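Please examine the structure shown here and follow the report below, which treats a surface patch and a set of charged pairs.

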Amino acid sequence: MSGVKQQTIEYDDKSVRWFMVASVIWSLVGLGAGVLIASQLNFWRMNFDMPWLTFGRLRPLHTNAAIFAFVGNMMFAGIYYSTQRLCRCRTASNLLTWIHFWGWQFIIVCAAITLPLGYSRGKEYAELIWPINIMVAVIWLVFAANFFWTLAKRNEKSLYVAIWFYIATIVTVTMLYVVNHLSLPTSFLHSYPIFGGVQDALVQWWYGHNAVAFFLTTPILGIMYYFIPKAANRPVYSYRLSVIHFWSLVFIYIWAGPHHLLNTALPPWLQSLGMLFSLMLWAPSWGGMLNGLLTLRGAWDKLRTDPVIKFFAAGVTFYGMATFEGPLLSIKSVNALSHYTDWTIGHVHGGTLGWNGFMAAGMFYWLAPRLWNTKLYSQNMANMHFWLGMVGILLYVASMWVSGIMQGLMLNATAEGGTVLQYPVFLDTLQAIRPMMLTRVVGGGLYLIGFFMMAFNLYKTARAGEPVNGTVQVTSAMDELAGKDRNGFHTFVNAPIVYSFLILGGCFIMIFGSGASFLAGIFITAVFTLVAIAHFEVSGAKWSDWYDQLLKHGFGFTILTIIAAAIGGAIQIIPTVTVQRASNIEGHLQIPYTPLELAGRDIYVSEGCYNCHSQMIRTMVPEVMRYGDYSRLGESIYDHPFQWGSKRTGPDLAREGGKRSDDWHFYHMLNPRDISPGSNMPSYPWLFEKQADFKALPSKIDAMRMLGVPYDMNLSPEEIQAEYDAQAVDIVDRLAEKGAYTEPDKQIVALIAYLQKLGTYEDTTKKEEEKAAEEQSELFSALPAETKPVSAN
């Protein structure tokens with residue numbers, strides 16, 4: 001047959017082995033850090049009175065190691081292995097692969113050094129400082145280039161379902177990471193996010209929620225769609241269900257971020273939107289879970305003996321549990337109980353340990369014998385790993401459910417007809433959940449032991465075999481290659497795409513419109529839905545025919561994926577970041593920080609205090625009774641980054657300013673148990689020894705001014721220093737009167753200044769009333785005498 005040649009392709013499995021080994025190593029680091037910080041919540045002495053070992057600094061290390069180091073390397077191993085085989089070609093560039101591998105490991109090492117040293121942006125899952133963020137973006141683009149280059153040179157026409165999820169991961173994570181990490185540097189190790197207050201909160205949880213979606217979920221779903229059929233030796237249960245699963249998940253997930261901010265100062269329309277789309281996530285998520293589990297039909301007998309099937313079946317089941325619980329927690333009334341408690345922690349870890357961890361273990365146990373051309377060293381050890389991990393997860397999640405629900409009920413409980421709090425002391429609720437917090441340590445410890453067993457098992461497997469690269473015989477007719485099919489224009493101009501956009505446009509008009517526009521949205525949606533149905537019935541056309549053609553065009557598929565993912569973010573974020581700030585402050589305008597207070601705030605962020613303390617009093621009666629008047633949008637308008645928090649191991653601090661004396665804060669930071677017996681907060685003796693970084697204040701204030709904070713344009717470095725010194729000396733003098741002695745340049749002084757500023761604002765309602773009265777007076781004075789209103793007297 002002319003024009004046809006057969007060639008043998010050797011896959012690049014060496015990089016897969018290296019990514020897998022890196023993932024196993026980093027899993028032990030991330031899980032080990034998790035067990036340590038869980039222990040610190042029970043035994044405060046395990047902070048060791050060392051700044052780089054405190055809970056506030058190690059918690060970001062734990063989350064970043066678990067997400068980007070453990071799951072990240074596992075994801076890359078799975079993607080590189082499966083993509084080569086699904087495309088029937090070798091990875092496009094060895095050079096890009098190894099730049100990706102070593103660049104990613106270098107990023108992880110940089111994070112492991114900087115986070116314990118206190119260099120942080122103060123945003124959950126986005127703590128890394130700006131030079132590291134640039135490296136992340138560069139290495140991610142290297143990965144993307146290598147991936148899409150491989151798709152372009154593939155020897156398989158159609159894109160398999162796993163590739164769809166990989167594409168969604170790459171393009172959406174790029175969008176999320178870049179937008180949320182936009183910062184204005186003040187030095188090589190410090191920057192301020194360009195968004196502040198509610199804008200920063202919305203962008204952060206648009207990123208934070210969808211980092212879970214598109215870093216911890218979609219790539220692992222792609223891995224599920226490849227490795228479960230391979231392990232079970234069965235085809236995917238339903239191809240049609242996988243199509244519905246993919247597109248509905250990509251479109252809906254991106255809208256759900258605001259459910260992390262329910263009952264807060266976030267505008268109500270965004271809260272409702274987040275809750276609505278979160279509830280809609282039930283359908284596609286469970287569709288994917290069922291597709292994965294039903295793929296195992298006919299292979300359930302392997303569940304008794306094959307640890308790979310055990311891990312995959314349990315992992316997909318935990319995915320279903322987590323994606324049921326997530327929408328449940330997004331219901332406003334449920335969220336009022338669960339938010340800021342351990343229930344959220346249990347939910348997150350059920351997904352991470354059960355879904356990500358078990359899918360990783362199953363993939364590793366399946367890959368190792370094939371990558372080293374041998375048998376798994378010990379099936380029994382792998383089975384023991386499964387049961388240790390399962391018991392560990394159940395102990396962990398169950399204890400956090402009990403802890404979260406108990407603490408939520410106690411914090412919201414009132415007595416005497418709802419006029420007083422039943423548990424007014426926050427520490428009482430902390431003492432009540434200590435047994436559950438200890439159970440979490442036991443569960444996490446068992447899970448960690450299981451991973452140590454896996455590491456040993458995989459090491460022995462590798463030692464018993466020899467590294468081997470897979471090969472494939474490819475018959476390649478150049479005219480048949482998908483990459484040479486140029487007719488990609490019809491990817492966009494066809495009936496399914498046109499109808500989809502018209503119907504979506506009608507839905508958006510209906511959702512965001514009112515009056516006539518609302519009715520117009522209903523009309524447009526209904527008409528084009530009926531027209532689309534009639535068109536396909538009359539013409540006999542099939543969506544599947546068009547979709548099969550779409551899968552031959554990687555570029556067109558990618559563009560449509562970007563559009564589907566970007567719509568939700570654009571509709572939520574653009575109105576919020578472009579609206580005039582002054583028109584949306586709810587009568588409370590934040591007073592900008594003085595130089596000393598700004599220095600103290602940076603110390604607060606550096607120490608990771610936001611990991612345990614929120615600064616957002618929700619619109620709930622028990623919270624107002626406990627902490628003070630509920631928070632308004634304008635009270636955090638100049639906060640870069642925002643500090644609303646997501647977990648309360650300690651009380652809310654939104655109105656902390658002026659509640660307690662300077663010396664109370666002084667002794668509380670020196671040894672919290674002297675002031676609050678039973679507290680699990682670490683001591684901070686180094687704050688009394690280290691100098692505050694006041695030399696950096698001019699550049700920081702310049703950056704804040706550029707971000708819209710109304711600092712005086714003519715403020716010189718000398719004036720900044722003078723203002724700093726004056727306020728610091730005043731605090732030191734007040735402390736000395738109470739027998740607490742320190743020096744004005746110490747960090748503790750700046751931190752006290754910041755804590756005493758929290759909750760202060762300018763009440764603009766009086767100004768607005770005075771301005772309205774003045775305008776009315778001017779209007780009357782301009783009227784002729786005979787038309788002026790006559791006094792009743």
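Tyr119 lies in the loop between helix H3 (94-114) and helix H4 (130-152); helices are DSSP runs of H or I with at least four residues, numbered from the N terminus. Because its relative accessibility is 32%, Tyr119 counts as partly exposed; buried means under 20% relative accessible area, exposed over 50%, and partly exposed in between (1.4 Å probe, protein chains only). The model is predicted: local features need pLDDT of at least 70 and side-chain atom pairs pLDDT 80 or more, while totals for chains, interfaces and linings use all residues. Residues are numbered from 1 along each chain as its sequence is written, and side-chain values use heavy atoms, without hydrogens and water.

Together with Val109, Ile113, Leu117, Phe188 and Leu189, Tyr119 forms a nonpolar surface patch with about 540 Å² of accessible area. Such a patch joins nonpolar side chains (Val, Leu, Ile, Met, Phe, Trp, Tyr) within 5 Å, each residue having over 30% relative accessible area and no salt bridge. Areas come from the Shrake-Rupley method with a 1.4 Å probe.

The whole structure holds 18 salt bridges, each being a side-chain nitrogen of Lys or Arg within 4 Å of a carboxyl oxygen of Asp or Glu. Among them are these:

| Pair | N to O distance |
|---|---|
| Glu623 and Arg618 | 2.6 Å |
| Arg660 and Glu656 | 2.6 Å |
| Asp662 and Arg734 | 2.7 Å |

Asp662 in helix H23 (residues 662-670) and Arg734 in helix H26 (residues 717-737) are 72 residues apart, and their pair links distant parts of the chain. Salt bridges with shared partners join Arg618, Glu623, Arg648 and Asp652 into one network. Both Glu623 and Arg618 are buried.

Methods: Patches are made of residues with over 30% relative accessible area and no salt bridge: like charges are joined within 9 Å, nonpolar side chains (Val, Leu, Ile, Met, Phe, Trp, Tyr) within 5 Å. Helices (H or I, at least four residues) and strands (E, at least two) are DSSP runs, numbered from the N terminus.
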